[in-house]
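Please keep the sequence and the model in view while reading.

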Amino acid sequence: MLRLLVALGINALALWVANALFDGVRIHGAWAYIIGAAVLGIANGILKPVLAILPLPLIILTLRLFYLLINIAMIALAALIAPNFSVHGFWTYVGSVVIVWLVNWAAHSLLDEVDDRRPRRARLA
């Protein structure tokens with residue numbers, strides 16, 4: 001449960017950064033961040049793998065450029081479902097995908113580093 005809440009918080013942070021950097025991203029209110037982050041997490045966990053398997057030859061042929069379109073679709077779905085959340089313009093979608101990826105990568109790398117430094121409890125035999 002804690003892991004799910006951390007992932008939700010990281011996605012909300014990524015959406016906040018995208019909102020702060022791009023004029024075309026408009027997210028107003030805490031519920032918009034929470035619902036947008038939840039939709040993004042669910043879509044990336046369930047829908048994205050299915051959407052990545054179906055056009056796999058196209059993804060390989062375009063050197064993963066088509067995968068970018070799948071990521072754009074995930075953010076578009078979050079914007080469609082979450083209230084007070086909109087993204088305007090193709091390049092704003094592309095920038096938002098890059099920002100969400102960077103924030104998720106940095107946050108998960110930091111959490112892995114902290115987790116590796118934490119001492120493990122001794123196993124009971």
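A contact here means heavy atoms within 4.5 Å, and helices (H or I, at least four residues) and strands (E, at least two) are DSSP runs numbered from the N terminus. The model is a predicted one, in which local features need pLDDT of at least 70 and side-chain atom pairs count only at pLDDT 80 or more, while totals for chains, interfaces and linings use all residues. Residues are numbered from 1 along each chain as its sequence is written, and side-chain values use heavy atoms, with hydrogens and water left out.

**Overall layout**

The protein has five helices and two strands, which follow one another along the sequence in the pattern α-β-α-α-α-β-α. Its C-alpha trace spans about 55 × 40 × 20 Å along the principal axes. Of the 125 residues, 34% count as buried, where buried means under 20% relative accessible area, exposed over 50%, and partly exposed in between (1.4 Å probe, protein chains only). Among contacts with a separation of 6 or more, 65% are made by residues 24 or more positions apart.

Helix 4, with 17 residues, reaches 25 Å from its first C-alpha to its last, close to the expected 24 Å. Its buried residues are I70, N71, I72, M74, I75, A78 and A79, and these pack against helix 2, helix 3 (56-61), strand 2 and helix 5.

Two packed helices are described by the angle between their axes and the distance between the axes. The axes are lines fitted to C-alpha atoms, for helices over the stretch in contact, and angles run from 0 to 180 degrees between N-to-C directions.

| Pair | Angle | Axis distance |
|---|---|---|
| Helix 1 and helix 5 | about 140° | 9 Å |
| Helix 1 and helix 2 | roughly 115° | within 8 Å |

Helix 1 is therefore roughly perpendicular to helix 2, whereas helix 1 and helix 5 are oblique to each other; angles under 35 degrees count as roughly parallel, over 145 as roughly antiparallel, 65 to 115 as roughly perpendicular and the rest as oblique.

In the contact of helix 1 with helix 5, residues including V6, I10, L13, A14, V17 and L21 of helix 1 meet residues including S96, V100, V103 and L111 of helix 5. By class, this contact has 13 nonpolar, four polar and no charged residues, with Ala, Val, Leu, Ile, Met, Phe, Trp, Tyr, Cys and Pro counted as nonpolar, Asp, Glu, Lys and Arg as charged, and the others, Gly among them, as polar.

On the helix 2 side, L8, N11, A12, L15, W16 and N19 of helix 1 meet Y33, I34, G36, A37, A38, L40 and G41 of helix 2, and this contact comprises nine nonpolar, four polar and no charged residues.

**The loop between helix 3 and helix 4**

L63 lies in the loop between helix 3 and helix 4, has a positive phi near 55° although it is not glycine, and is exposed at a relative accessible area of 75%. R64 is found in the loop between helix 3 and helix 4, with a positive phi near 70° in a residue other than glycine, and R64 is exposed at 55% relative accessible area.

Notes. The expected span of a helix is 1.5 Å times one less than its number of residues.
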